Amino acid sequence: MVEPLVGREDESRLARRVMRDVEAGHTATLLIEGEAGVGKTSFIRALADQARADGLRVLSGAAHPFETTRPFGSLISALDLRRNSSDPRRASIGEILGGEATPASTTAGTDLRYRVIEEIVDLVEAECSRAPVLLALEDLHWADTSTLLAVRTMARELVHVPLFLVASLRPSPRSDELTLLVDDLLEIGAPSISLPPLSPSEVDALVRAELGLPAGPELGAVVAKAGGNPLWVVEILRSLSADGRVQRGSEVAEITSSELPHSLRDLVVRRLRDLPQATLDLLRVTSVLGDAVSISDLAAVTRRPAADLVATLGEAFRAQLLGEKGTAVVFRHQLVHDAIYQSMPRPVRSALHRDAAGALARAGSDLTHVAGHLVLGASPGDLEAVRWLRAAARQSAPRAPAEAVQLLRCAERLLPDQHPDADFLAAELVEILLLAGNVAEATAQANAVLDRPHRPEVDTPVRLWLLESLSLQNLGPELIDRAEATLEGAHGLTDAQKSLVLAQASYGRTFSGDFVGGEATAQRALDHAMQAGDVAMTVWSLGTLSVPIKTQGRYAEALTLSRRAVELAFEPPNDGARLRHPYFFLAMALSDADLLDEARVAFRRAVDECSTLGSSWILPDALLLAAELRFIVGEWDDAWSELEAGLRVAHERGHKISKPQSRACEAIMAIARGDHRAAEAALATVQAQLVSDVPEYGVEMVAFATSLLADAEGQATKAYQLLLRFWQLDEQRECRYHHRYLAPQLVRLSLLLDQDDVARTVTEAVEAGAKLAPAVPTVQSAGLRCRGLVERDPDRMIRAVELARPSGRLIDHLFACEDAAGVLVAANRTDEATALWSEALERYEEVGADAWAMRALAMLRRHGVKRGTRGPRQRPSAGWDGLTPTEHAVSGLVAEGLTNREIARRLHISPHTVNTHLRHIFQKLSVPSRAALAAEVARHGPDHAIE
């Protein structure tokens with residue numbers, strides 16, 4: 001039984017108002033904060049009762065203090081995620097959560113944590129499609145990291161489904177993960193209710209509800225000592241009643257003595273004295289198992305039959321210390337549990353936890369459940385506990401690596417100094433830290449192992465995990481040093497392992513700007529992989545080799561390598577090789593070679609493979625580069641949405657390699673639309689790289705975007721100097737990857753600023769690079785543009801346009817049009833010039849590049865072409881016609897009743913991207929729900945729903 005809800009009128013009105021929005025089809029999240037005993041559970045119970053009366057389905061779960069290492073604990077309870085569930089979808093998730101331990105794998109390991117979260121989000125969305133749902137999760141201050149991540153994802157990803165997500169928590173304790181969740185929920189507009197102590201009048205109402213009479217003066221004075229805490233008030237009244245000290249008169253209830261313990265704990269402990277010793281002993285054991293304990297667990301720990309246990313606990317039920325929920329014994333309130341639990345000396349509690357762990361383990365309980373008791377009860381030197389903790393960590397790691405880290409940390413503390421297993425445990429910790437995304441900690445842990453005497457059996461795996469952690473952090477110099485030391489030492493590497501080390505070293509060199517060295521190292525990796533006959537490492541080495549080769553401008557060669565990798569991985573299919581994601585490398589090579597339609601298909605396949613294989617290590621980069629492809633071809637509205645989604649995923653998972661290029665794309669689109677403030681905001685997080693001694697990979701695009709911004713603001717010299725610095729840096733490193741962007745712009749500015757020698761030098765370099773890629777139209781176009789600008793050769797400029805036009809690359813095409821038009825005008829070929837400016841103007845208007853459109857329009861007017869006043873882009877910013885093709889497609893699939901995940905599969909994108917598109921759709925259409933969106937689709941007809 002829980003204390004009755006009194007007062008809280010303002011808070012209840014707010015909660016009901018939010019619930020009405022959910023009933024109308026909206027998603028809403030409500031945080032309920034308050035001290036222990038202040039009435040959070042009662043508030044949620046009353047809210048749930050109202051929700052049921054209004055037709056909502058109520059799902060509820062709670063985190064528990066001794067289960068912080070149990071992955072997804074409260075969600076398993078709330079959603080019935082068990083293998084024996086009658087619902088196949090729930091049973092499937094339960095099987096993943098309870099599956100056999102699978103080892104983490106370097107570089108290309110599966111990450112079931114995100115797969116589980118996606119399954120949970122999809123399940124909740126499906127539930128909401130049938131009826132509005134209130135999902136209540138109590139006591140998040142006790143929740144495991146995986147649960148907090150899942151809640152955060154639901155709040156972010158489930159857009160405009162009738163979900164009311166209600167979470168309660170105390171002001172403290174708060175882990176870093178919980179603080180992040182709360183901050184994130186507040187950022188997206190979740191209202192927060194802080195339950196204060198009850199007012200005196202509300203305390204009076206609570207006394208009436210409990211006793212049926214108002215309190216007399218003496219009783220009122222005693223109850224006032226509770227400070228408005230409703231649980232404390234109720235416990236005072238029940239304790240006084242149990243002692244026979246409450247006298248009920250005709251008008252008021254009064255007491256015979258005002259003697260009262262000074263704390264709730266003391267009050268509960270005093271009530272324990274009245275229990276039979278057998279009941280008290282069993283109640284204490286029960287408190288060690290948690291605040292909600294299954295009868296089967298209690299029977300296993302006490303080695304007594306269930307019927308005997310229920311009979312022995314009868315007095316505790318009658319004293320209203322315990323209640324029941326299904327097959328579980330529950331303490332009436334967490335504070336009652338805490339009072340009983342903390343009344344025992346700490347050594348006694350620890351011993352009981354350790355005994356419970358052993359009994360549960362022998363009874364076959366889930367090891368993550370056993371581990372929670374070991375964390376609280378095992379002592380240093382307990383080798384059996386260490387063994388169980390390591391086994392529990394292996395079981396948890398693929399699904400909840402953060403919890404696995406906690407278990408291994410505990411095992412480390414228990415293991416005696418100089419124990420033979422210390423190095424094995426340390427190596428396991430490196431692996432799990434890496435899987436959990438704690439790459440800096442993994443690096444420190446690996447270095448600590450390698451820098452001390454250690455067992456030879458762990459040397460190689462720790463070195464390989466260290467290389468991966470350095471690669472993920474883009475720490476090129478250290479990565480190279482460690483890789484070379486690993487190869488030079490007597491570490492007994494196999495050819496496959498040498499291939500892996502060399503591949504990582506290649507990335508270190510490539511992302512540090514040594515592309516020639518990166519190529520040579522990747523070639524050595526490929527040689528060792530082929531010598532080993534290892535298909536997976538051969539595929540990985542081919543993809544690795546393609547990156548420095550394409551960066552040097554040899555696009556056909558990179559494409560050949562990438563195609564070969566795909567063939568090896570899929571003819572016949574090889575799961576280990578597929579986990580190296582060859583379609584991702586193929587997509588990049590196709591895009592670089594101007595085969596943009598094929599690249600789009602390959603990126604879709606790469607994203608699909610991430611979902612199919614449960615492998616997410618490449619997903620952020622796949623999403624971002626697929627979004628950049630949309631930028632390249634001028635699908636800018638969709639590019640905005642997909643860059644936004646990809647950057648969020650990359651931030652969550654610690655990926656940063658693609659960030660500079662992605663931010664640059666955002667900035668360029670903002671510049672084209674005349675929004676310089678947005679451009680500056682996009683560049684702010686990557687601008688420091690422009691003055692770095694060792695710029696990150698892809699910063700040339702940041703330089704290009706910044707130069708466009710400076711040029712647009714009349715700072716041609718600044719734009720020129722910036723481009724010149726990165727051009728010279730690329731020349732030193734034999735990097736030709738960004739010639740298409742940097743070179744024509746730099747030549748144009750050089751000529752404008754009378755730097756003709758620079759213009760000619762750049763042109764010669766571009767032409768030399770073009771000889772390496774004779775089949776890539778825009779590379780050839782860039783060489784012709786530069787030479788045409790230097791020589792003022794209109795025919796070269798026209799040929800440059802003709803090559804760029806069918807490529808699909810918007811900037812290459814339209815900038816070539818503008819450059820050619822300028823040269824044509826100087827050659828008195830005005831009609832041809834105005835045709836090219838008109839061509840650029842029309843395309844700029846199509847993509848919403850209003851500022852660039854005005855630039856082309858100004859040139860047309862200057863040369864006598866009267867086009868009239870041009871408005872902004874043709875697609876409106878709101879309404880049905882303002883939706884992009886992808887937004888139309890998403891809308892149509894929502895109307896079919898598909899969930900975000902199902903839409904993602906149909907469109908070959910990620911659920912994160914679907915979510916971002918939906919946010920924009922709802923904003924543009926001003927619709928309140930998915931049902932309203934479906935009505936809009938029906939109104940406009942199926943021909944408009946999907947383009």
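**A close look at Asp730**

Modeller: Leaving out residues up to four places away in sequence, Asp730 touches Glu700, Cys735, His738 and Leu742, where a contact means heavy atoms within 4.5 Å. This is a predicted model, in which local features need pLDDT of at least 70 and side-chain atom pairs count only at pLDDT 80 or more, while totals for chains, interfaces and linings use all residues. Residues are numbered from 1 along each chain as its sequence is written, and side-chain values use heavy atoms, with hydrogens and water left out.

Asp730 belongs to helix H37, residues 716-733. Helices (H or I, at least four residues) and strands (E, at least two) are DSSP runs, numbered from the N terminus. Is Asp730 buried or exposed? Asp730 is buried, because its relative accessible area is 1%; buried means under 20%, exposed over 50%, and partly exposed in between, using a 1.4 Å probe and protein chains only.

Arg578 sits in helix H29, residues 575-578, and its relative accessibility of 14% is why it counts as buried. Beyond residues up to four places away in sequence, Arg578 touches Ala569, Phe570, Glu609, Thr612 and Leu613. In the loop between helix H28 (555-570) and H29 you will find Pro572, which is joined to Glu571 by a cis peptide bond with omega of about 0°. Most residues other than glycine have a negative phi, and most peptide bonds are trans.

Now try two loops. Asp80 lies between helix H3 (73-79) and helix H4 (88-97), and has a positive phi of about 55° although it is not a glycine. With a relative accessible area of 32%, Asp80 is partly exposed. Asp754, in the loop between helix H38 (739-752) and helix H39 (756-770), also is not a glycine and has a positive phi, of about 60°. At 64% relative accessibility, Asp754 counts as exposed.

Two strands pair if DSSP finds at least two bridges between them. S3 runs parallel to S2 (residues 57-62), with six bridges joining them, and Ser60 stands opposite Ala136.

Finally, step back to the chain as a whole. The protein chain has 49 helices and 10 strands, and 61% of its 947 residues count as buried. Its C-alpha atoms fill a box of roughly 110 × 70 × 45 Å along the principal axes.
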